[in-house]
Amino acid sequence: MMRSLWAGVSGMQNHQTRMDVIGNNIANVNTTGFKKGRVDFQDMVSQQLSGAAAPTTEVGGVNPKEVGLGVQTAAIHNIFTQGNLQSTGVGTDVAIQGNGFFCLKNGEKSFYTRNGAFGVDKDGTLVNPANGYRVQGWMAREMNGEMVIQTAASPTDLVIPVGSKDPARATQNVNFACNLNKNTPEIPEGANAADIARGTWATEFKIYDSFGNEHNLAVSFTRVTGNPNRWRATVNVDPENADYTQTRVGLNTTNGTTNEFFVEFDNMGTLRRVTDSVDGESNPGGEIILQTSFTVPDANPDADGNPYRQTFNINLGTIGSMRNTVTQSASKSSTKAFAQDGYTLGYLDNFKIDSSGIITGVYSNGTNRRIGQIALASFTNQSGLEKAGDNTYVESNNSGAANIGESGIAGKGSLLAGALEMSNVDLTDQFTDMIVTQRGFQSNAATIRTADTLLETVLSLKR
């Protein structure tokens, strides 16, 4: 008789635990990155009234007689199914699509979360603004003029240097490509200015010196007599101040004596050779690079007292190629491609995060530089993580150690900036489970009431 009372009590207690979990799920239905819990029950040990008997030659076997002593909570699982992603438009908000956790630090203690509602503190550190925990990742380092991220290193705090300077960079390489009209008239020696203008294709582009000052690079091509496929090219930096800048070009040398070179084409319209006043014929089949120098205004003289000269390369393309190369065909002269790698001083105006977690700074001078990369952690048994509050988890004895790396590697998901992962709680499922839990609780209460009635009947037998 008493067994039914205690079985009912265990049923009520454990259904109350299940209701507590359901209530917590519903309470966190709008908590960013929250993962719902699920309660599993199992029966308690049973009291054996009689054991099993094996079959004999006379009779068959007999099953054991056992009375269960109630129910207990077998496990409370964290269900890590994907939550819906909601666009926020905030650049520091990051959502994980797939497996993985963001890594946070509070001093030396590590925390893990699916909540990517991040922000930047006054020092530029990427943090969870709700508790100040610092987001972990890898900062980019400059190597050979490029920003490189070494994800094999230990993660560290991510610092976004808002307002920092990007120093001016002198132009070092100019990629130049254009088409020269085969039908341009030849210009004889001693022609007047009007005739020269009709037979010349002039281009002008911006380049930068080491101070970040802007200069005009003018390259003009004039078709000359004596060779139907030969053009004379003239290079000037700041043509209006050409007497001072003293532009010089040379093939494979910085010691050019003039600012002119000659371009010759074959019958297919591709580069045949380029000659200058120093080295003569270029290397057939190779890339044509003209090393150009000019005097930088208002610069300190060099060690010998000579005006400071800046050098850069003009890449005309490859002999025999039609791709990104100076060509000659019977169509309108035009510039097909141009690029230069110099820029003026800039400040970090903004930053963006891509699907790999790479943080790229956008500077006011038009340059983009890698700043760092957000790290992700994965676990052999993520359901074994312990909740630590503030939407975070910590390692446990059964979760396994954190496997920290970049997104998309070793089962880790991708990232989506400007969005947050919502809770994976389904209210329809929770309300249905609530009804079932309520009925279970009521049924166990009815068991206790019925057992009490039976006991009351037994006690009344004496009266």
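E264 pairs with R230 in a salt bridge, with 3.2 Å between the closest N and O atoms. A salt bridge here is a side-chain nitrogen of Lys or Arg within 4 Å of a carboxyl oxygen of Asp or Glu. The two partners come from distant parts of the chain, 34 residues apart: E264 sits in strand β21 (residues 260-265) and R230 in strand β19 (residues 230-237). Strands (E, at least two residues) and helices (H or I, at least four) are DSSP runs, numbered from the N terminus.

This is a predicted model, where local features need pLDDT of at least 70 and side-chain atom pairs count only at pLDDT 80 or more, while totals for chains, interfaces and linings use all residues. Residues are numbered from 1 along each chain as its sequence is written, and side-chain values use heavy atoms, leaving out hydrogens and water.

Back to E264: R273 also forms a salt bridge with E264, again with the closest N and O atoms 3.2 Å apart. How accessible is E264? E264 counts as buried at 7% relative accessibility. The cut-offs are under 20% relative accessible area for buried, over 50% for exposed, and partly exposed in between (1.4 Å probe, protein chains only). Both arginines fall in the middle class, R230 at 23% and R273 at 21%.

Now for another pair. The side chains of E421 and R114 meet in a salt bridge, at 3.0 Å from N to O. This one also joins distant parts of the chain, 307 residues apart, with E421 in strand β36 (residues 419-421) and R114 in the loop between β8 (109-113) and β9 (119-120). E421 is buried, with a relative accessible area of 0%, and R114 is buried as well, at 5%. K35 joins in too: K35, R114 and E421 are linked in a network of salt bridges. Across the whole structure, the search finds 13 salt bridges.

Here are the three pairs described above:

| Salt bridge | N to O distance |
|---|---|
| E421 and R114 | 3.0 Å |
| E264 and R230 | 3.2 Å |
| R273 and E264 | 3.2 Å |

One more residue to look at is F351, found in strand β28 (residues 346-353). F351 is buried, with a relative accessible area of 15%. Which residues does F351 touch? Leaving out residues up to four places away in sequence, F351 touches T92, V120, I160, I359, T360, G361 and V362. Contact means heavy atoms within 4.5 Å. D276, meanwhile, is 75 residues from F351 in sequence and 46 Å from F351 in space, C-alpha to C-alpha.
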